[in-house]
Amino acid sequence: MKPRPSWFRKLLADRFFLCAIFSVAAILVFFGGFLTYLILEYGLSIEFLAKPLTVGLACAQLFIAFCYGNARTWPYHPTFDEKYREWLATTPWTPKYPLPKGPLRLVWSDLIVIGILTGLACLLASAYSPSIWPFLVGPTVLFAVAVAAVWTFANWTVDQDVHVHAVLWVPVVIAALQLPPEAMLLCPFVMAGIAWHGVRCSLQRFPWSSCEKLITLKKTSTESSSLVGWPFSNLLFEPKEYRTTFRRALMGALLLGAWTWAVLESIETNDPEDDIVGFMGIVAIGCLFIAGVRLSHYGPAICSQLCWGHRLANNQWLIPKHDVVFAAPLLMGLIGTVAPWILHYAFGASVAVACAVPVGIVRLIAKSMGPSVRELNLTGPHSAFGEVCSTNKFSKVSG
Amino acid sequence: MIQVKELTHHYGLRPVLIDVNLQVETGELVVLLGPNGSGKTTLLGCMAGTIWPARGYVEFDGVKRRESADRELELRKRITYLPDNTWLPKQHTGREFLLAVGRLYDIDEFRLFDHSDRLLNLFHLEEKGDASIESYSTGQRKKIALASALITEAPYLLLDEPFSGGLDPAGILAMKSVLKRLAHDENVTVVMTTPVPELVEELAHRVAIIRDGQVADYGSPAEITQQAGKATFEEALQQLLYPEKTDVVAAYFDASEGK
């Protein structure tokens, strides 16, 4: 069997893109056949069918461009291919050498593929569509969206947090600058640029340590927990930590606050007073939801052993070392429901700011306030009882 | 060494353990003995760290339970607790389960494979070892649960009713020999509960008689027999566990003959 040419290997590391092309081709053939049938059977004019034909072609070319963006990035990043990553870690590879599976960076061939897609679409669209420019930029933008999304996700898995946050700040900055809507088309390119810088920085740290989220998630959720039940699981598994470092919590809080501000700022309102109630209600619900999520991570420690009967029997209404777990959610709920009103009516802040600030603070508290899940699990004054999460996978041995 | 200090615990309004003090030396095999509902399992749970007492504390080699996160985790890796209601993975084989438990205790892989083989042989589970646990009988499940406690190679074993739950005579004999050997030769400290007096006399260095949530007596079987002023350990147990009902069997037959 002849080896595949190098350009092919560079562009198509797996069959994903080919499958996407064949799928789109099949849909187009069906679509074209259906239109031909309409023309022949009902005598419809080609002008009458111009609009659906244009929309169909536009969707097809955007889909292909998006799939191509995924196919060019996903298979080549070592974080997504466990065996490739493990093998690469055993070799003397450093970022100054090319990656054996194929380049992570974009290559000239990519320009050719996107160029062909764009040219083909423009050629066909010019016959039917009054405006050609969406066809001109569409594939490139969708390609950039896919590339930026995959690289950002890859950066997240290898704890390249600064770049992940920088990417997510781009839409907020563009919204703050109040640029025309067309400028939003620049977003994916800027985001892809930042994400690419993150990828390069993360490769400098290769092989990555155990902080890789994908490995940790996979290991804890599938391998060990399905193999041992009570009491080993309760006593020896370190619980998934919810709290993070203050720096990370602050970065997340600023980002969430900024996104809240940007979204609320972009909504045009006809009835400001009525909308204030709606916005602040949504913010309150959102903050209570974040509080609930935090509390659920501490779930195993909040057990029946500390029920009212136990407290009554021991005349101990407050168990400080345990009840501290409720402090953060209560504070978060209070801030989420009260602070927006105070900020808006007492301090005259705009609705967007009055909602964004509490959301940011709530997120900061959720991710940084103690105790940690590990600390509470290992030192908390609570009992653990003989139960496992999915009883259908385990059988009980009694006696 | 295990030190239990002034342990008191309630289930809601019902007191289960009242001011329990106990000391177990390293390499000692201690049996907790008492009527149903006397607090044996709760005491074992407090030692194992699954139950947090209302008052008092438990120490292992001078380290208090749940004092700090790192020390507690370190302690958990040195203690194996086998409750009477262990959960086993249905879809996995006995061998897979043993290996997974061993890995949790950071046992060397090579030794782990060898030990799992020996344990499966010990409990006559050579053939069943590679079948899914779902297909095991009640006794075989108990055996694999016991094997999971032994594969951890922990210096402290806390076993709740290891000899009940459908264990066959071969299993009982095997477990008895292993526990004896571990305590005598390997310096493993074992605390267990069992309702079988014959086993207690044969196995235990010391016996703690738990009655109404308190330690009624604590000593070797010979000491307990002597203190009770009885000829046999069984009689001494009868007097210590049910002091107001020592002639309960005689009363049962007398009543029947009276009819």
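Good morning. Chain A is divided into domain 1 (6–204) and domain 2 (242–382), with bounds that come from an automatic or database domain assignment. What we have is a predicted model, in which local features need pLDDT of at least 70, side-chain atom pairs count only at pLDDT 80 or more, and totals for chains, interfaces and linings use all residues. Residues are numbered from 1 along each chain as its sequence is written, while chains are lettered from A and ligands numbered from 1 in the order in which they are written.

Let me stay with chain A. It has 17 helices and one strand; helices (H or I, at least four residues) and strands (E, at least two) are DSSP runs, numbered from the N terminus. Of its 399 residues, 30% count as buried. A residue is buried if 20 or more other C-beta atoms lie within 10 Å of its own, exposed if 12 or fewer, and partly exposed in between, with C-beta atoms placed from the backbone.

Two residues are in contact if those C-beta atoms lie within 7 Å. Among the contacts in chain A with a separation of 6 or more, 81% join residues 24 or more positions apart. Between the domains of chain A, seven residues of domain 1 are in contact with eight residues of domain 2. The side of domain 1 has five nonpolar residues, one polar and one charged. Here Ala, Val, Leu, Ile, Met, Phe, Trp, Tyr, Cys and Pro count as nonpolar, Asp, Glu, Lys and Arg as charged, and the others, Gly among them, as polar.

Please now look at helix α11 of chain A, residues 246–266. How far apart are its end C-alpha atoms? They are 30 Å apart, which agrees with the 30 Å that its 21 residues should span at 1.5 Å a residue; the expected span is 1.5 Å times one less than the number of residues. The buried residues of α11(A) include A:M251, A:W261 and A:L264. These buried residues pack against α7 (161–176), α12 (272–297) and α16 (351–368) of chain A.

We turn to chain B, which is divided into domain 1 (2–78 + 156–258) and domain 2 (87–154). The C-alpha centres of these two domains lie 26 Å apart. Their contact takes 15 residues from domain 1 of chain B and 13 residues from domain 2 of chain B. On the domain 1 side, β8 (156–160) and α6 (169–185) of chain B each give two or more residues, and α6(B) gives the most, with five.

Chain B also holds an open sheet of four strands in the order β2-β1-β4-β5, with antiparallel pairing. Strands pair if DSSP finds at least two bridges between them. The edge strands are β2 (14–24) and β5 (63–64) of chain B, each pairing on one side only. In β5(B), B:V63 stands opposite B:F60.

Why is helix α3 of chain B, residues 94–104, largely enclosed by the rest of the structure? Nine of its eleven residues are buried, so the structure encloses most of it. Among them are B:R95, B:F97 and B:L104. Just after α3(B), B:D106 takes a positive phi of about 55°.

Finally, the two chains meet. Their contact takes 38 residues from chain B and 34 residues from chain A. On the chain B side, α2 (69–76), β7 (85–89), α3 and α5 (138–150) each give two or more residues. That side has 17 nonpolar, eleven polar and ten charged residues. Thank you.
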